[in-house]
Structures are given as structure tokens and as C-alpha cells.
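Welcome, and please open the structure in your viewer. We will go from stop to stop together, selecting a few residues each time.

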Amino acid sequence: MTSGGKDSDRTLGYMTRKDTEVKLPRPTRVKNKTPAPVQITAEQILREARERQEAEIRPPKQKITDSTELSDYRLRRRKEFEDQIRRARWNIHVWVKYAQWEESQKDYARARSVWERAIEGDYRNHTLWLKYAEFEMKNKFVNSARNVWDRAVTLLPRVDQLWYKYIHMEEILGNIAGARQIFERWMDWSPDQQGWLSFIKFELRYNEIERARTIYERFVLCHPKVSAYIRYAKFEMKGGEVARCRSVYERATEKLADDEEAEQLFVAFAEFEERCKEVERARFIYKFALDHIPKGRAEDLYRKFVAFEKQYGDKEGIEDAIVGKRRFQYEEEVRKNPSNYDSWFDYVRLEESVGNKDRIREIYERAIANVPPAEEKRYWQRYIYLWINYALYEEIETEDVERTRDVYRECLKLIPHSKFSFAKIWLLAAQFEIRQLNLTGARQILGNAIGKAPKDKIFKKYIEIELQLGNMDRCRKLYERYLEWSPENCYAWSKYAELERSLAETERARAIFELAISQPALDMPELLWKAYIDFEISEGELERTRALYERLLDRTKHYKVWVSFAKFEASAAEIEEDENEDEDQEDVIEHKKDCIKRARAIFDRANTYYKDSTPELKEERATLLEDWLNMESSFGNLGDVSIVQSKLPKKLKKRKAITREDGSTEYEEYIDYLYPEESQTTNLKILEAAYKWKKQKVATSEDD
């Protein structure tokens, strides 16, 4: 045999590797894959499988007719059980079945032997002991059962079920003394509360009150807990022993005053005194408990105390109870988070409702002592209202002027004005001084505010105060300071000019407006120009107004400016008519026609500007033409709508492609405007293209 063959292998002997390969049947190729005309459901397949299933083969029933067959059967079964035990000695169910089978054969000695063997293998399994003892009890082997229970509780004294079953058996047999002795043996092991309570119930069933009391004494020594003392006290109360019950509660409060469950003890003690009609005792217990128990663990105690006061106390007592409960809640909240200013507000409101001035001041002082950790305005916005409320309380409630002034002064010292400030505090302090008729003090406060932390609100309020007092020179100086600080503020310029106009200082007002519009930067220039234009119109200076509009158009060509200019020209006739009431009707009509011509000229200039300089602003141009059309309609017989209609564009709906972030494209509809000059250009382009096409076609035919 060659050693280099591919199929040769020493381990295969005379066989080759090919002979050892597993040959699988070739998969059948399905040629016709069309569905069958009759479909079979899964339910039909299962039903057919069930119908074709062969009947289950069961062993025949064996009938034992003589003792020989019985002994053979027993021998065979015992051998089976012994084999099972040999294979799985740890399996308790096998032992139990074996013992129960021996019991069914009335062979109690063998059954007992099986139980003993099982316990010898696993004596810690209390289930085996229970079943063993039940076997002895069921077959009325009382002494054997006692022996089993005694061994069980000796080996497993911490399994309560064994003690309960043992005691139950003795009690059923009427052996009360024996059951008591077993309880005493059990109590030596210091079981849990349920074991002691079972012993007490056992004694009470046989009306042994003194024995039960003695057991309770041992119980509270073994388990010095609140629940144990409460049970003991309720036992004494049930027996009518009020003095003994009170003594139990007093002992409990001495030992367990600092326990976590002390709340339940004090509540139970107070309710006991309440049932005994000792209202003052109960109130004292509640107050003692509230002083000694931490606030977080006294919620139920507070609720019970409030209910008690509502039932037995007067109005003052009820209010004290409710306030005391809420006061403890707020103290807990501010202790956990002193920077939670909302809790301080609630706490102060509570104390204000009580009306104790010293306590209210104490809470305010404690609250304002919690200065925000960072010098950022967002952290101070709630805190500053503590100072405001404190100052208002001192002014309104206590009417203490000096304390109020001190509160405002300390607050203004505390705020870091170099980083941020609060106009509200400055204004409240100044208004307080005005209410005290201390005008010099108010001016000093507002002057300091402008010097340290100027703000719009402070300037406005200061100017308003001086205006009410009629100090115009001070108002002018304040406006000058205001505009030095904020030269871009159009509101300040407008109000300054308005002040001068109200004083009939037209030239000063005009100079202020001129100075304002010459500023390089303004926050709202459109309002300033409008105010200046309205000022000139109100003064009847039409030429100055036109010049202003022209200067404004040099700066901006916004369509609203054009429309406003045109409307002004259209209304100029009415202004002149008001000034010259004695003119004839014909002169008035001529004036109106001139005004309409000027308005049309402005609209025409605007339209030409949009057409030539900014053709891309189609929508603004369309809006302008619509305003022009509306104005022509409003003129009535003097108007000419046809002038505008020939210039109006056509509205076209178009679509444009928009590319999204993910790369996809979607189309959006928009309105486009086609003006008459654009449509003529389009027609010329079409004619030019047609002419080129015709010329090219003629040249081609000549070549052919």
C-alpha cells in the first residue's frame, strides 16, 4: 500500500476516505412551481397528524391475587426506590415518595426507617422534619411525634414553623402545660416579635392575664422597639388599666425618645391621653414631641397636632399649630438651600401674616444675608426683591422712616454697579424720599444713579419728576446728559425736541432735530425722521417738509418713504386750505390739481428708480404701484386710474428648486411679477429668434 495516496489513512484501515463520507440524497428539483389548486392549511395538517397517530401503549393493570405476588411486588418497588436513592441521594422527593409508599403498605417500621435515613443525610432540611412528624401524628404515634418534634426544635431552633407545629399538636392534645413549657423553651432563643405575640395570645386564650403581662415585660426587654411598647400599652388599655398603660408609655418615651420611630410612639401616647379626656397632657406631649423630633420625620405628628387643636383648642391655638407646622417646613427648606429665595419669600409672608415685627425683621435679615455667589445679574434678579420687600415693609407696616432709608442705602452699597445695576432700586429709593418731602435727597439719589449706573428708566423718571415740578432748565440739562450718554437714542432726541416745542421754542426744537439726524448712528432713525417731518407739517412749513423728504430720499430709497412723500404732497392742498380759508372754490381746485400733479411726479420718480436702478425689487415696486392706484382712486374725478393701470405688472406663479441638507431637491412656489417693459422685451426676443430660424431655413433650401 502506497504511503502517499490522497485517500489513504492509517486510522481507516482498509477503507478509503471516500468510503467514510456521508452521502446525502440529492435535493429534488421542483419543476412546476405554480400553486396547487387546492391549498392545505396548517390546521388540516395538524388534524390529519392527530388522526393518524397510533394509540398510546400503556402497561396493563396488574392485579395481585396472593401473598407471593404481593411480596414480589414489594420487593420490586423497594428495589426501584433504592436504585433511585442510590442515583440521587440528595433528592428529597424520592425519600418522601419512598416513605409514603411504605406508609401506604402499612409497614410503619420501614417507613420510619426511611425517614430516619433521609434525616441522617440532610437534617438541616426542615421540610423532612415536618413531613416526618406529620406521618407520626397522622398514624396516632403521639410519643413518636413528640420525639420527632423535640429533636427537630433542638437541631433547628431558628425555624419558627417547627415550634408552631409542635405547640399546636400539644394544644390539640390538651397538654396546655406542655405547650407552655415548649413556648418557654422557644423564648430562651429570643425569637422575633411574632413568636412573643403568639405566646401572649396563647395565654390570653386561657385567660392568664398576669402571665400575659409578665410575657409582655420580657417581650419589651427582648425587643425594645416602639411597636412592642405600643402593643403592650394597648393590652393594658384593653384591660382597663389606665395607670399601667400610662406607665408603659412613659417608660417608652424615656428609652426611645431619640428612636427613628419615635413619632409613632408620641402620636399613640397623645391619642391615649386624648381618649382619657386629658387634653392638656395630650397637648404637652405633642409640643414635647415637636421640639425633640427632627422636622423631616414629624409630618404625621404635625398633621395629628393640627387636627387635635382644631378639635380641642381655641382660635389662637389652632393658628399657632398651623403656623408652627409651616414654619418648621420653611426652616427645613432654607436650611437645605439658603439661596432658594422663593422659600424665603414664602417664609416672610407666613411671618407677616402672624404680625410679630421682631421675627419678621429677623427673617428679612437672615434672607438678605445670603448674597448670590457670583456677580452676574441673573443670580441677583430674585435676591434684589428681598431688599425691596424689606424696605416696603418698614415703610408701610412699621412706618419707620430711618430704617427704610437704611435698607435702601445698604442695598445700593451692596450692588456691584460697575458690573450691573437695578434701575428699580434707584427709583424706589428716590420715590421714597419724595414721599418724605425730601426733594434734595431724591435728586441726590438720582444724580448718583446717573453717575454710577446710567439707564434709560432713570433718565426718563428723573426728567418726569423735574417736569412735574416745572424745572425746565433742569430738564434741559438732564436731556443733555441723557444724549451725551446715549447719542443714538432717537426716543431721547424726539422727547427733547417735543419739550422745546411745548415751550414754543420752535428754533431750538428744529436745531435739536437737525443735530439728531446728523448723528452717525441711530437706533430707530425712521421714527426720528417721522417726528421731524410731523413737526414741520404741524408748523405749516411745507417747503421745509419737502426739503426734508428730499434729504431723506438721499439717504434711503425705501418705498414707504416715496409713498409717505406722495401722500404728503396729496394732502398739502388741505393744509393750505386750512391756512387760507378765504380763497375761492376755483383756486382751491387749482391747488388740489397742483398737489395731485406733484404726488404723481413723486410716484413716477419712484417707479422710474425701481425700474432702472433696482429691477430686482419687483415686490416693492408692485406695492408702490398699488398705493399709487389707491391714491388715484381716492382723488375721485380729479384722479386718473389709467395712468397707473398701464404700469401694473402681471402676477405669475413660478417654482424654484431648493436643495435640502440631505441632498434631496424640492420645489417651492413663489409669486413673480412681469412688468409691461419686460413683456415687450420678451416678445422682441421671440421675433428675433423666429427671424433667425427662417433665414437659416432659406439658406438650407438654396444649398439643396
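**Before you start**

This is a predicted model, in which local features need pLDDT of at least 70 and side-chain atom pairs count only at pLDDT 80 or more, while totals for chains, interfaces and linings use all residues. Residues are numbered from 1 along each chain as its sequence is written, and side-chain values use heavy atoms, with hydrogens and water left out.

**Stop 1: the whole protein**

Show the protein as a cartoon: there are 35 helices and two strands. Both kinds of element are DSSP runs numbered from the N terminus, with helices being H or I of at least four residues and strands E of at least two.

How much of the protein is buried? Of its 704 residues, 36% are buried. Here, buried means under 20% relative accessible area, exposed means over 50%, and partly exposed lies in between (1.4 Å probe, protein chains only). Contacts (heavy atoms within 4.5 Å) also tell us about the chain: among those with a separation of 6 or more, 47% are between residues 24 or more positions apart.

**Stop 2**

Select Ile182, in helix H9 (residues 176–187). Is Ile182 buried or exposed? Its relative accessibility is 5%, so Ile182 counts as buried. Leaving aside neighbours within four places in sequence, show Trp163, Tyr166, Ile167 and Glu170, which are in contact with Ile182. Then draw a C-alpha to C-alpha line from Ile182 to Asp150: they are 32 residues apart in sequence and 9.2 Å apart in space.

Next, follow the chain to Ser190, in the loop between H9 and helix H10 (193–205). Ser190 is not a glycine, yet has a positive phi of about 50°. Most residues other than glycine have a negative phi. Ser190 counts as partly exposed because its relative accessible area is 41%.

For another positive phi, select Lys106, where the angle is near 65°. Lys106 sits in the loop between helix H4 (92–104) and helix H5 (108–121). With a relative accessibility of 60%, Lys106 counts as exposed.

**Stop 3: the nonpolar cores**

A nonpolar core is a set of buried Ala, Val, Leu, Ile, Met, Phe, Trp, Tyr and Cys residues joined through side-chain atoms within 4.5 Å. Select Trp344, Leu386, Ile425 and Leu528: of the 95 residues in the largest core, these touch the most other members. A second, separate core has 76 residues, including Trp95, Val96, Ala228 and Tyr229.

Zoom in on Leu528. Beyond its neighbours within four places in sequence, Leu528 has contacts that include Cys490, Trp493, Phe513 and Ile517.

Move on to Phe513, in helix H28 (residues 506–517). Phe513 is buried, because its relative accessible area is 5%. With neighbours within four places again set aside, Phe513 is in contact with Ala497, Leu528, Ala531, Tyr532 and Phe535. The C-alpha atoms of Phe513 and Tyr532 are separated by 6.2 Å, although these residues are 19 apart along the chain.

**Stop 4: empty spaces**

Rolling a probe the size of a water molecule over the atoms shows where empty space is left. On a 1 Å grid over the protein atoms alone, a cavity is a set of points where a 1.4 Å probe fits but cannot get out; a pocket is an open set with protein on both sides within 12 Å along at least five of seven lines; lining residues have an atom within 4 Å of a point. Grid points are joined across faces, edges and corners, and a volume is the space filled by probe spheres set on the points.

Which residues are closest to the centre of the largest pocket? The pocket has a volume of about 430 Å³, and among its 16 lining residues the closest to the centre are Glu526, Lys530, Leu552, Val561 and Ser564. Colour helix H29 (525–538), helix H30 (542–555) and helix H31 (559–579), the elements that give two or more residues to this lining. H29 gives the most, with seven residues.

Finally, the structure holds two cavities of 30 Å³ or more.
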